[in-house]
Amino acid sequence: MRIGELAERAGTTTRTLRYYESRGLLTARRTERGHRTYDEADLRLLRQIRTLRDFGFELEETRPFVECLRAGHPAGDSCPASIEVYRRKLDELDGLIEQLGTVRAQVGAQLLRAEAELPHGPEPRCALGAHPGGADETDETHETHETGVTA
């Protein structure tokens with residue numbers, strides 16, 4: 001297949017395919033007239049790259065998966081180098097989750113402080129989604145949301 005068809009089937013652009021080729025992730029064969037041609041194996045490589053990129057992998061992190069597929073493995077992640085990339089990515093994600101937890105706790109603390117400084121205290125919130133002071137909010141619900149304790 002030609003580059004335009006491959007780009008369409010892979011859900012990408014010809015420019016991206018040329019870039020991948022320049023990075024050594026995709027190898028084009030050439031016709032007698034110099035046109036790039038590709039096959040189903042190239043489409044599999046692109047789908048592997050796209051999936052990994054959708055998961056947040058950097059382009060260079062996809063290389064071991066591409067090389068694994070090129071080596072004839074049925075899946076790009078069935079090689080030791082690919083598994084190692086997965087491990088590094090999981091470590092990175094765990095670190096980000098920990099950072100987000102810390103930031104969330106800090107933002108929550110700032111919110112509590114800011115609400116406590118409001119002239120009339122924080123606005124009550126109903127667990128059922130009613131507006132504060134609405135007709136379907138009971139005194140017990142109101143008290144629970146303000147104090148966190150049910151009377």
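Me: Which residues of helix 4 are buried?
Reply: In this predicted model, the buried residues of helix 4 are Arg63, Pro64, Phe65, Val66, Cys68 and Leu69.

Me: What makes helix 4 mostly covered?
Reply: Helix 4 has eight residues, and six of them are buried. Those buried residues pack against helix 3 (40–54) and helix 5. After helix 4 comes glycine 72, which has a positive phi, near 100°.

Me: Why is arginine 63 called buried?
Reply: Its relative accessible area is 19%. Buried means under 20%, so arginine 63 counts as buried.

Me: Where is arginine 63, and what does it contact beyond its neighbours in sequence?
Reply: Arginine 63 belongs to helix 4, which covers residues 63–70. With neighbours within four places in sequence left aside, arginine 63 is in contact with Arg23, Gly24 and Leu25.

Me: How do you know that the side chains of arginine 63 and glutamate 60 make a polar contact?
Reply: The distance given for this pair of side chains is 2.5 Å. The cut-off for a polar contact is a pair of N or O atoms within 3.5 Å, so the pair of arginine 63 and glutamate 60 qualifies.

Me: Why is arginine 29 called partly exposed?
Reply: The relative accessibility of arginine 29 is 36%. Buried would need a value under 20% and exposed a value over 50%. The value for arginine 29 lies in between, therefore this residue is partly exposed.

Me: Where does arginine 29 sit, and which residues does it contact?
Reply: Arginine 29 is in strand 1, made of residues 29–30. Apart from neighbours within four places in sequence, its contacts are His35, Arg36, Thr37, Tyr38, Asp39 and Asp42.

Me: What makes the pair of arginine 29 and aspartate 39 a polar contact?
Reply: Their side chains make this contact at 3.4 Å. The limit is 3.5 Å, so the pair counts. Along the chain, arginine 29 and aspartate 39 are 10 residues apart, and their C-alpha atoms are separated by 9.3 Å. A polar atom of the arginine 29 side chain also lies 3.4 Å from the backbone oxygen of threonine 27.

Me: Why is leucine 17 called buried?
Reply: Leucine 17, in helix 2, has 0% relative accessibility. Values under 20% are buried, so leucine 17 is counted as buried. Not counting residues up to four places away in sequence, leucine 17 touches Ile3, Leu6, Ala7, Thr12, Leu26 and Leu46. Its C-alpha is 7.0 Å from that of alanine 7, a residue 10 places away in sequence.

Me: How do helix 1 and helix 2 cross, and why is helix 1 called roughly perpendicular to helix 2?
Reply: The axes of helix 1 (residues 3–10) and helix 2 (residues 14–22) come within 9 Å and cross at roughly 100°. Angles from 65 to 115 degrees count as roughly perpendicular, so helix 1 is described that way relative to helix 2.

Me: Which residues meet between helix 1 and helix 2, and of what kind are they?
Reply: From helix 1 come Ile3, Gly4, Leu6 and Ala7, and from helix 2 come Thr14, Leu17 and Arg18. The residues of this contact are four nonpolar, two polar and one charged.

Me: What is the secondary structure of the chain?
Reply: The chain has six helices and two strands. Their order from the N terminus is α-α-β-β-α-α-α-α. Of the 151 residues in the chain, 25% are buried.

Me: Where is confidence in the chain lowest, and where highest?
Reply: Confidence is lowest in helix 6 (residues 139–147), with a mean of 48, and highest in helix 5 (residues 80–116), with 95. Over residues 136–145 the pLDDT is below 50, and this stretch has 18 contacts in the model beyond near neighbours in sequence. Where pLDDT is low, predicted coordinates should not be read in detail. For the chain, the mean pLDDT is 85, and 80% of the residues reach 70 or more.

Notes
Residues are numbered from 1 along each chain as its sequence is written. Side-chain values use heavy atoms; hydrogens and water are left out. Helices (H or I, at least four residues) and strands (E, at least two) are DSSP runs, numbered from the N terminus. Buried means under 20% relative accessible area, exposed over 50%, partly exposed in between (1.4 Å probe, protein chains only). A polar contact is a pair of N or O atoms within 3.5 Å; within protein, one must be able to donate a hydrogen and the other to accept it, and residues adjacent in sequence count only if both atoms are side-chain atoms. Contact means heavy atoms within 4.5 Å. pLDDT is the predictor's confidence in each residue, from 0 to 100. Axes are lines fitted to C-alpha atoms, for helices over the stretch in contact, and angles run from 0 to 180 degrees between N-to-C directions. Angles under 35 degrees count as roughly parallel, over 145 as roughly antiparallel, 65 to 115 as roughly perpendicular and the rest as oblique. Ala, Val, Leu, Ile, Met, Phe, Trp, Tyr, Cys and Pro count as nonpolar, Asp, Glu, Lys and Arg as charged, and the others, Gly among them, as polar.
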